[in-house]
Amino acid sequence: MRRNSRTIVGAIALLLGVSFAQLPSRSQNSPKSLSPAEKSAFFDKEVSPVLKASCVGCHTGESAGGGLDLNSRMAVLKGGASGPAVVPGDLKNSLLLRAVYYDGRQMPPQGKLSQAKIAILTRWVEMGAPWSATKSAGTVAVAPAPHGPPPVNAETMRFWSFQKVKRPAVPRVKNADWVRSPLDAFVLANLEKNGVKPAPAASRATLIRRAYYDVTGLPPTPAQVRAFVSDPSPKAWETVIDRLLASPQYGERWGRHWLDLVRYAETNSFERDGDKPFVWRYRDYVIDSFNSDKPYNRFVREQLAGDEMPGATPETLIATGYYRLGTWDDEPADPELATFDELDDIVSTTSQTMLGLTVACARCHDHKIDPIPQKDYYKMVSFFRNVKQYGVRSGESVEAASIRPISPPEEQARFAKENEAYGAALRQLDKQIDAIDAVVKPDLGGGEVDDFKHEENRLHLAKKRVPKILSEAQFAEYETLTADRAKLRGAPPKGLEKALVVTEGGAKPPATHVMMRGNPHSPGEEVQPGFLSVLAPPQPVLRAVKPDAQTSGRRTALADWITSADNPLTARVMANRMWQFHFGRGIVRTPSNFGFMGLAPTHPELLDYLASELVRGGWRLKPLHKQILLSSTYRMSSKANPVALAKDPENDWMWRYDMRRLSAEEVRDSILAASGNLNFKRGGPSIKVKLPAEVLAGQSVPGAGWDLSSPEDQARRSVYIKSKRSLAVPILARFDAPETDATCPVRFATTQPTQALGMMNSAFLGEQAEVFAAAIKKDAGPDPAAQVKLALWRVFQRPPTEREIQRGLALLTDLRTKDNKTGDEALTAFCLVALNLNEFIYLD
């Protein structure tokens, strides 16, 4: 029998290297020559060990993953939530085989089985899925693997995302003419393998609208659309892309994506929701970094350890405001627990955003899904353990703990000198005024004593003592001195520029312990800084620092590892996010979870190609943007075809472009753009827009901290609106702006009644419809047809059809004749309707 088994497995070698798609639907080799006893022995000796080692740990008993229990033949044939795991003799329709071949669902998630093991399972299905003869039907034939967190071992370390990025060879394809970029070849090779054709190219008007929104978050003007549509140059599209990537609006759009990931907000949450001083500088730093095409590895390094970098600059100090973006409880019931909650927030945000792993799930115990021991979590914590708390709980004010001047040294020296002189002059004036006050005070009586305590009353009370107590000359001097002091107080030395930054408690950090069950009051084993062991990382290089150093240098060691080209996750995670923000979904659909519970990449070779391109290009994003935007994949239309829709309804193979709804900021900014009211002013302190009284009433102190900006500033882009955690801007909240208490890797795209109600009835839309109508009347003149045409051009970013124009004219007529509206009122109502058209808020 031993010889027979080897013969069987040897015969299966013909299948090695064969993909699932290439398998025959039915067995092409007859297994009938094997007796039932031989089939049972094959199961015991070959199949059972594979199932036991790689499958049964998650698929056993009542809590079996996906409802699939692999402990008996009856359970295997019944299958789980997706259907029967095995159809005896039917290779194509056996879901277990599809999973182990990594065709769609990928099992086991920690790494693909060897070809020999896959061949064993394939032969087993081919044989009719025989079971052990030593166990009766329906009983456990394979001993379940022990339950518990996955260990760090050779098997779990083989998981796809834990492997170093290797640049794959560009596949050959039949339709080579379709390939404009190497990434097209990866997409097309998969489509050809599955017998699906890519969608036809989108129209030029559709393409330019798509690119403008994807790159800048704003619509093109009618003139920009006309210019591109009529440009016969073969370089026309590339010219548009170069212009968009060079525009300052690019950083405002793509910086907003990053702000979602790092849970950017400008207040602390909790009851008082106090302001975070100068935090807007971090937002501007992010926008400027994207616009300058700062290498991504430096961008990350500056945020993690910009204050520890050699030759730290105001820019690198501002970058460390990253650590101050989270929520802050200034009077927690358990201060020690609150401290570790904040450390957990930093670990969680850093690991999900930069590494695509949910490390924070190991705070209280070993990670239940990924091979991340609790000890590894606290090793990560130790990198941040020396970071000072945001403010007063540490015995320091926010000013002392988190605010630092960012002016150059010579400016700081100037300020110190001027401030000293200013203080001396003010003290001299106070001394002279106090001498005259001392003459007046003894003559005061009754309520005058209290009134004199207030400076604004003193001149009046002193004048009443002329000439009895004060001479005319003394009063004139008193009057002059008081005026001089008021003038001096109103003109202090020009203040220093300041920023919200990270600070540490000196060169020696406190000890970090594994907290039993995550309880900060139950410290266990002490740990030192270390990286995730499942990635087989090097030991951290902790540089020696002077005893009087302001920081420990630990964060630099973490930044070095995360930004290393050898880190298997950093480039993959960012390349995937770039694909996600261009196509609506990442190659890995769970962009902040590259672990076992995350979804496997739909195109793993394409992902590694993009990651290697990112590193090869010096970690700069714009060249990768350009390669994506110039590709045939990006230029496809969203048009469906029956064959592709039947085979791949979710568009996992990327055979067409996925239509999407505009984001919250895009909706608001597009309304301002259509009305011609958008203010392109960049940077600086955030703006506060008009909010309904009902919204302001929701604060603990209604309206507190929300003094309105000027009307001109209120028309700026949405990225500059102050993000106050206790106060949501209605139009942004309705269209799924992110929650800011935690990292947001993917926004919701809901459809709900409040969106339509707000778009039709809110004060903001009403005001903008009036502005829109006035602009249309000015630019198009008195002709209603010209007005309708121009309004629809601005809304659609394409020429409206004759039918659409006629429908608009009919609406204007009805509004005037049936609703008795004036011409201006009718045009305003039409503009409001135009802003509510589906095409306005959906991108094709």
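Mentor: We'll take the overall build, then the cores, then some helices and a loop.

Trainee: Anything to know before we start?
Mentor: This is a predicted model, where local features need pLDDT of at least 70, side-chain atom pairs count only at pLDDT 80 or more, and totals for chains, interfaces and linings use all residues. Residues are numbered from 1 along each chain as its sequence is written, and side-chain values use heavy atoms, with hydrogens and water left out.

Trainee: How many helices and strands does the protein chain have?
Mentor: 36 helices and six strands. Both are DSSP runs, numbered from the N terminus: helices are H or I with at least four residues, strands E with at least two.

Trainee: What does the C-alpha trace span along its principal axes?
Mentor: About 130 × 80 × 45 Å.

Trainee: And how many of the 844 residues count as buried?
Mentor: 52% of them. Buried means under 20% relative accessible area, exposed over 50%, partly exposed in between, with a 1.4 Å probe and protein chains only.

Trainee: What share of the contacts comes from residues 24 or more positions apart?
Mentor: 71% of the contacts with a separation of 6 or more. Contact means heavy atoms within 4.5 Å.

Trainee: On to the cores. How many residues has the largest nonpolar core?
Mentor: 163. A nonpolar core is a set of buried Ala, Val, Leu, Ile, Met, Phe, Trp, Tyr and Cys residues joined through side-chain atoms within 4.5 Å. Trp 258, Tyr 282, Trp 579, Leu 606 and Leu 610 have the most contacts inside this core.

Trainee: Which helix gives the most to this core?
Mentor: Helix α22, residues 570-583, with eight residues. Another core, of 27 residues, lies apart from it; Leu 51, Cys 55, Val 100 and Val 125 are among its members.

Trainee: What is Trp 258 in contact with?
Mentor: Leaving aside neighbours within four places in sequence, Tyr 282, Val 286, Phe 290, Tyr 296, Phe 299, Gln 303, Thr 353 and Met 354.

Trainee: Tell me about α12.
Mentor: Helix α12 covers residues 296-305, and seven of its 10 residues are buried, so the rest of the structure largely encloses it. Tyr 296, Phe 299 and Gln 303 are among the buried ones, and so is Glu 302.

Trainee: And α10: how far does it reach?
Mentor: Helix α10, residues 248-261, reaches 21 Å from its first C-alpha to its last. That is close to the 20 Å expected for its 14 residues; the expected span is 1.5 Å times one less than the number of residues. 13 of the 14 residues are buried, so α10 is largely enclosed by the rest of the structure. Arg 263 follows α10 and has a positive phi, near 50°.

Trainee: How do α10 and α22 meet?
Mentor: Their axes come within 12 Å and cross at roughly 120°. Axes are lines fitted to C-alpha atoms, for helices over the stretch in contact, and angles run from 0 to 180 degrees between N-to-C directions. The two helices are therefore oblique to each other. Under 35 degrees counts as roughly parallel, over 145 as roughly antiparallel, 65 to 115 as roughly perpendicular, and the rest as oblique. Trp 254, His 257 and Leu 261 in α10 meet Arg 577, Met 578, Phe 581 and His 582 in α22.

Trainee: Last one, Gln 699: buried or exposed?
Mentor: Gln 699 counts as buried, at 8% relative accessibility. It is found in the loop between α28 (693-696) and α29 (711-714).
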